[in-house]
Amino acid sequence: ASDGGIIFDNGRYYWYGQAMRNRGFGTNGEGGQVTDVGVVMYSSADLMSWKYENVILSVSNDQDSELFGPLRFERPKIIYNDKTGKYVLWCHYIKHPGDHTFLPGGGEALIASSDNVTGPYSAPHR
């Protein structure tokens, strides 16, 4: 889990970040690493022993999807929204192929939500 964070919820720590497996650099070499998996999560009661939970926000194989991979989810953060009762994930998001550019999709904000801290998180709201 790269570039992520930790949230404490109901007595457990949850560590999440961009999946490190199956990643490489964007096609144009414009910096940064991409994922073809998504955002993953691990949990711990003591911050020493970690259990893999799952992929909480998946990359899509559908070329028409906003989440078509490879792409980049940089520095994801999760908070709990008391008003809606949902967990909200937001991050810096770079569409396929995951290269920083000045073109649309080259660096945007992504917001996704879930009823559970361990997801799954919904398709992006941008």
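Strand β1 (residues 2–9) pairs with β2 in the antiparallel sense, over 6 bridges. Two strands count as paired here if DSSP finds at least two bridges between them, and the strands themselves are DSSP runs (E, at least two residues), numbered from the N terminus. This is a predicted model, in which local features need pLDDT of at least 70, side-chain atom pairs count only at pLDDT 80 or more, and totals for chains, interfaces and linings use all residues. Residues are numbered from 1 along each chain as its sequence is written, and side-chain values use heavy atoms, with hydrogens and water left out.

Glycine 5 has tyrosine 16 in β2 as its bridge partner, and isoleucine 7 stands opposite tyrosine 14 in β2. The two strands form a hairpin with 2 residues between them. Asparagine 10, in the turn, has a positive phi of about 50°.

Of the 126 residues in the chain, 40% are buried, where buried means under 20% relative accessible area, exposed means over 50%, and partly exposed lies in between (1.4 Å probe, protein chains only).

As background, strands of a sheet pair through backbone hydrogen bonds, either parallel or antiparallel.

Strand β5 also holds serine 44, which is buried because its relative accessible area is 0%. Serine 44 and phenylalanine 8 are 36 residues apart in sequence, yet 9.5 Å apart in space, C-alpha to C-alpha.

## Aromatic pairs

A search of the whole structure turns up 6 aromatic pairs. For this count, rings of Phe, Tyr and Trp (its six-membered ring) pair if their centres lie within 6.5 Å; planes under 30 degrees apart are stacked, those over 60 are edge-to-face and the rest are tilted. One of these pairs joins phenylalanine 8 and tyrosine 13, and is tilted, at 4.7 Å centre to centre with 55° between the planes. Tyrosine 13 counts as partly exposed because its relative accessible area is 25%.

Another tilted pair brings together tryptophan 15 and tyrosine 42, at 5.3 Å centre to centre and 35° between the planes. This pair links distant parts of the chain: tryptophan 15 sits in strand β2 (residues 12–18) and tyrosine 42 in strand β5 (residues 38–44), 27 residues apart. Tryptophan 15 is partly exposed at 29% relative accessibility, and tyrosine 42 is partly exposed at 22%. Ring pairs link Trp15, Tyr42, Trp50 and Tyr52 into a cluster.

An open sheet of 3 strands runs in the order β7-β8-β9, with antiparallel pairing. Here β7 and β9 (108–114) are the edge strands, each pairing on one side only, and the twist averages 20° from one strand to the next. β7 and strand β8 (residues 86–94) pair over 8 bridges, with isoleucine 78 opposite leucine 89 in β8.

Which residues form a nonpolar patch on the surface? They are Ile79, Trp90 and Ile111, with about 270 Å² of accessible area together. Patches are made of residues with over 30% relative accessible area and no salt bridge, joining like charges within 9 Å and nonpolar side chains (Val, Leu, Ile, Met, Phe, Trp, Tyr) within 5 Å. A salt bridge is a side-chain nitrogen of Lys or Arg within 4 Å of a carboxyl oxygen of Asp or Glu. Areas come from the Shrake-Rupley method with a 1.4 Å probe, and for residues only the protein chains shown count as cover. Isoleucine 79 lies in strand β7 (residues 72–81) and is partly exposed at 41% relative accessibility.

## Backbone details

Two cis peptide bonds are worth a look: histidine 96 to proline 97, with omega about 5°, and glycine 119 to proline 120, with omega also about 5°. Proline 97 lies in the loop between β8 and β9, while proline 120 is in the segment after β9.

Positive phi values turn up too. Leucine 47, in the loop between β5 and β6, has phi near 65° and is partly exposed at 42% relative accessible area. Arginine 75 lies in strand β7 and has a positive phi of about 50° although it is not a glycine; at 47% relative accessibility, arginine 75 is partly exposed.

Definitions and conventions: Helix = DSSP H or I, 4+ residues; strand = E, 2+ residues; numbered from the N terminus. Axes fitted to C-alpha atoms, helices over the stretch in contact; angles between N-to-C directions.
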